[in-house]
Amino acid sequence: MHRKSRNKSCGPKCIELPSYDEIGLVLQGGGALGSYQAGVYEGLAEAGIEPGWVLGISIGALNTAIIAGNAPKDRAAALRGFWQTICQPADLLGHVGNVVPAMFGFPDIGRKWSSMWSAARTLTEGQKGFFSPRVLLPVTAPFAGASANLPNEVSFYDTGALRETLLKYADFDRINDGNVRVSVGAVNVRTGNLVYFDNTKMRLEPEHFMASGALPPGFPAVEIDGEYYWDGGLVSNTPLTEIINESQHKDTLIFQVDLWSAKGTLPTDFLDISERTKDIQFSSRTRAVTDFVSLSQKHARMIKELLEHIPEKVRRTHPLVRAAQKTADGGAVNIVHLIYKDKFFEGHYKDYEFSNDTMGEHWASGLEDIRRSFEHPEWFAIPSHELGFVTHDVHRYEAAPVSVAESPREAEEADEVDAS
């Protein structure tokens, strides 16, 4: 049985939170951008906040394994070790391409070059401790039969090294001891259904986390109990709905850390189109989820008001009325939304650009964003059950400051103002 979340004793940056029933950390997929999530977690750790439920998809699932697989005092260091393992320093060409333009007064050109070159190296060399190119790509069999390839054999890269890296930086006995609830999403290749591997329902092994990040055709499907699984982001790149579905009668605080922003500039060339397509495809469907939950909260309030017109005796005894009462007495959900904002030098390759320099910048951005969020203590109050559901986003706030928590609809209207 996983324990309820509480912020523990910490240093001068400790944040005292209200008594939420659940504190969740939701980590989206996004490849190399995932070090932003590690920075956010470092900020949570220095504030003394220990989520009781961590949910992830794709790179978010790998970060989930490191967080849940270490003692709270060791998590930030383990994340740092993991990311320093799978990222690499610039080679000579990348270093020279970065420094020389800067010497002539063009540092931006140099930074873009080094980022682009690092991504090109990833495609050709893979990433140490993560994936490597297959020496011989599997050949399509002319006819289905004994010579046909298995799903876990068909990919451009082999991810065998990732298993060893996960075992190095995560203790899977700790992951499965139930101290922190863990859920990671993957897609069943045969059925096309999104499933969640959850340590309250099964024992989790490295393969469950690798399956969540097995994005085809780059990475191979992962076999688990006779079924094959791909990256959960193919169906939904955020596990937000999973925690909301189970939090209907709890007061819940959710730190949702997204790596793709739905908002962006209009593309002007084919590379811009590729980048913008990824942003839209993999960005969180937070607005759709929050709109749905807001509608559910509205219906719950209507039910509660209608129940006031039913005699007390009937409310106590009639099974349908008692069920309606339970629906009406839902909890309150507060989402603190942290969304990575692109750097000037990044392009369509940003999710597979694993250089040490860029990893450090992503990490620093996440740490800065969560620290700025903590500068607004009023954001962490439990929402009234009449309102039921609120969201906060430090970037949206700084673009159009508001003094009170926004409902999802108010947030949507603010986004429309920003876009205009």
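Helix α4 (residues 92-103) contributes the largest share of a nonpolar patch, namely 5 residues. Before I continue, please note that this is a predicted model, in which local features need pLDDT of at least 70, side-chain atom pairs count only at pLDDT 80 or more, and totals for chains, interfaces and linings use all residues. Residues are numbered from 1 along each chain as its sequence is written, and side-chain values use heavy atoms, with hydrogens and water left out.

Helices (H or I, at least four residues) and strands (E, at least two) are DSSP runs, numbered from the N terminus. The patch consists of L92, V96, V99, V100, M103, F104, F106 and I109, which together have about 820 Å² of accessible area on the surface. Such areas come from the Shrake-Rupley method with a 1.4 Å probe, and for residues only the protein chains shown count as cover. Patches are made of residues with over 30% relative accessible area and no salt bridge; like charges are joined within 9 Å, and nonpolar side chains (Val, Leu, Ile, Met, Phe, Trp, Tyr) within 5 Å. A salt bridge here is a side-chain nitrogen of Lys or Arg within 4 Å of a carboxyl oxygen of Asp or Glu.

Is F104 buried or exposed? Buried means under 20% relative accessible area, exposed over 50%, and partly exposed in between (1.4 Å probe, protein chains only). F104 has a relative accessible area of 63%, so this residue is exposed. F104 belongs to the loop between α4 and α5 (107-125).

I turn now to the aromatic residues. Rings of Phe, Tyr and Trp (its six-membered ring) pair if their centres lie within 6.5 Å; planes under 30 degrees apart count as stacked, over 60 as edge-to-face and the rest as tilted. The count by this rule is 17 aromatic pairs. F130 and F219 make a tilted pair, because their ring centres are 5.7 Å apart and their planes stand at 50 degrees. This pair links distant parts of the chain, 89 residues apart: F130 is in the loop between α5 and β5 (132-133), and F219 in the loop between α8 (206-212) and β9 (222-224). F130 is buried at 6% relative accessible area, and F219 is buried at 14%.

F131 and Y157 form an edge-to-face pair, with 5.1 Å between centres and 75 degrees between planes. F131 lies in the loop between α5 and β5 and Y157 in strand β6 (residues 157-158), so the pair ties together parts that are 26 residues apart in sequence. Both F131 and Y157 are buried. One aromatic cluster is formed by F130, F131, Y157, F219 and F354.

Next, strand β13 (residues 389-393). It is largely enclosed by the rest of the structure, because 5 of its 5 residues are buried. F389, T391 and D393 point one way, whereas V390 and H392 point the other. Strand β12 (residues 333-339) pairs with β13 in the parallel sense over 5 bridges; two strands pair if DSSP finds at least two bridges between them. V333 stands opposite F389.

Finally, the backbone. Most residues other than glycine have a negative phi, and most peptide bonds are trans. The peptide bond from P216 to P217 is cis, with omega near -5 degrees, and P217 lies in the loop between α8 and β9. D225 has a positive phi, near 50 degrees.
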